[in-house]
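Give the cut-offs for the terms used.

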Amino acid sequence: MSPATDAATSLRRAPRPRADALRNRERIVAAAREMFVELGPDVPLDEIARRAGVGNATLYRNFPERTALVHEVVLSVMRRTTERAEAAAATEPDTFAALSRFTHEAADERIGALCPMLSGTFDHDHPDLLAERDRLEQAVRGLIDRAQAAGRVRTDIAVGDLMVALSQLTRPLPGTGCLDFDRFIHRHLQLLLDGLEAPARSGLPGTAVTLEDLRHRP
């Protein structure tokens with residue numbers, strides 16, 4: 001038997017994750033995302049397991065280290081945000097309506113909560129994250145480029161301007177005392193969107209912010 005045949009046979013024999021195991025993993029990631037937003041990235045893993053409705057052993061079997069769980073949460077939020085951008089572009093004929101829809105839906109993903117998780121020993125250059133980041137950037141850039149080409153969005157802004165504003169407006173301060181501010185997010189996002197719409201009513205200081213600008217570390 002050839003090496004290629006041996007490899008194919010091994011793949012066929014490799015056990016697939018059970019459906020209940022996959023559901024447990026999804027519940028853990030969802031619970032972690034919620035608790036990271038509410039309490040910050042240092043919330044006890046045992047509390048995450050309790051909210052997910054799984055035992056501690058199940059959590060540690062899926063995520064032996066906190067960094068592995070943080071990685072999966074960041075990847076999940078980025079993936080879901082990308083899907084929202086792609087869906088808005090595909091289903092909204094008006095380019096500004098598509099951008100507005102994405103902006104509000106991205107806020108619901110609480111992408112600003114990623115910021116405190118991206119410090120410390122987090123691997124920013126993991127291939128999975130780089131690939132998903134590229135997908136997200138391409139999707140959001142497409143929304144803005146189409147809206148600008150249609151004359152619906154002012155031309156002195158770039159993707160980074162939108163992502164910075166989204167991050168600032170959706171980055172919660174750790175602690176339950178700050179959760180009441182959630183009710184202002186969409187209100188203030190609409191004020192932001194009104195400022196992005198063309199024609200511009202004023203000039204902006206500085207230059208348009210690109211995503212490359214945001215990644216630059218002096």
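**Basis.** This is a predicted model, in which local features need pLDDT of at least 70 and side-chain atom pairs count only at pLDDT 80 or more, while totals for chains, interfaces and linings use all residues. Residues are numbered from 1 along each chain as its sequence is written, and side-chain values use heavy atoms, with hydrogens and water left out.

**Overall make-up.** The protein chain has 10 helices and 0 strands; helices (H or I, at least four residues) and strands (E, at least two) are DSSP runs, numbered from the N terminus. Read from the N terminus on, the order of elements is α-α-α-α-α-α-α-α-α-α. Of the 218 residues in the protein chain, 37% are buried. Buried here means under 20% relative accessible area, exposed means over 50%, and partly exposed lies in between (1.4 Å probe, protein chains only). Among contacts in the protein chain with a separation of 6 or more, 74% are between residues 24 or more positions apart; a contact means heavy atoms within 4.5 Å.

**Helix 2 against helix 5.** The axes of helix 2 (residues 19-39) and helix 5 come within 9 Å and cross at roughly 85 degrees. Axes are lines fitted to C-alpha atoms, for helices over the stretch in contact, and angles run from 0 to 180 degrees between N-to-C directions. The two helices, helix 2 and helix 5, are therefore roughly perpendicular to each other, given that angles under 35 degrees count as roughly parallel, over 145 as roughly antiparallel, 65 to 115 as roughly perpendicular and the rest as oblique. On the helix 2 side the contact involves Arg25, Ile28, Val29, Ala32, Arg33 and Phe36, and these meet Arg66, Leu69, Val70, Glu72, Val73, Ser76, Val77 and Arg80 in helix 5. By class, the contact of helix 2 with helix 5 has 8 nonpolar, 1 polar and 5 charged residues. In this classification Ala, Val, Leu, Ile, Met, Phe, Trp, Tyr, Cys and Pro count as nonpolar, Asp, Glu, Lys and Arg as charged, and the others, Gly among them, as polar.

Glu26 also has its place in helix 2. With a relative accessible area of 55%, Glu26 is exposed. Glu26 and Ala52 are 26 residues apart in sequence and 8.9 Å apart in space, C-alpha to C-alpha.

**Salt bridges.** A search of the whole structure finds 16 salt bridges, each being a side-chain nitrogen of Lys or Arg within 4 Å of a carboxyl oxygen of Asp or Glu. Three of them are listed here.

| Pair | N to O distance |
|---|---|
| Arg84 and Glu105 | 3.5 Å |
| Arg135 and Glu132 | 2.8 Å |
| Arg133 and Glu137 | 3.6 Å |

Arg84 and Glu105 form a salt bridge; Arg84 lies in helix 5 and Glu105 in helix 6 (residues 95-108), so the pair ties together parts that are 21 residues apart in sequence. Arg84 is partly exposed, at 25% relative accessibility.

Arg135 and Glu132 both lie in helix 7 (residues 127-149), 3 residues apart, about one turn of the helix. Arg135 is partly exposed at 30%, whereas Glu132 is buried at 7%. Arg133 and Glu137 also both lie in helix 7, 4 residues apart, about one turn of the helix. Arg133 is partly exposed at 26%, and Glu137 is buried at 11%. Elsewhere, salt bridges that share partners join Arg33, Arg80, Arg84, Glu92, Arg101, Glu105 and Glu109 into one network.

**Thr82.** Thr82 is in helix 5 (residues 66-91) and counts as buried, at 0% relative accessibility. Leaving aside neighbours within four places in sequence, Thr82 is in contact with Glu132, Arg135, Leu136 and Ala139. The side chains of Thr82 and Glu132 are joined by a polar contact of 3.3 Å. A polar contact is a pair of N or O atoms within 3.5 Å; within protein, one must be able to donate a hydrogen and the other to accept it, and residues adjacent in sequence count only if both atoms are side-chain atoms.

**Glu197.** Glu197 is found in the loop between helix 9 (185-196) and helix 10 (211-215), and is partly exposed with a relative accessible area of 24%. Not counting residues up to four places away in sequence, Glu197 touches Phe96, Arg152, Val153 and Arg154. The side chains of Glu197 and Arg152 make a polar contact (2.8 Å). Glu197 and Gly151 are 46 residues apart in sequence and 8.8 Å apart in space, C-alpha to C-alpha.
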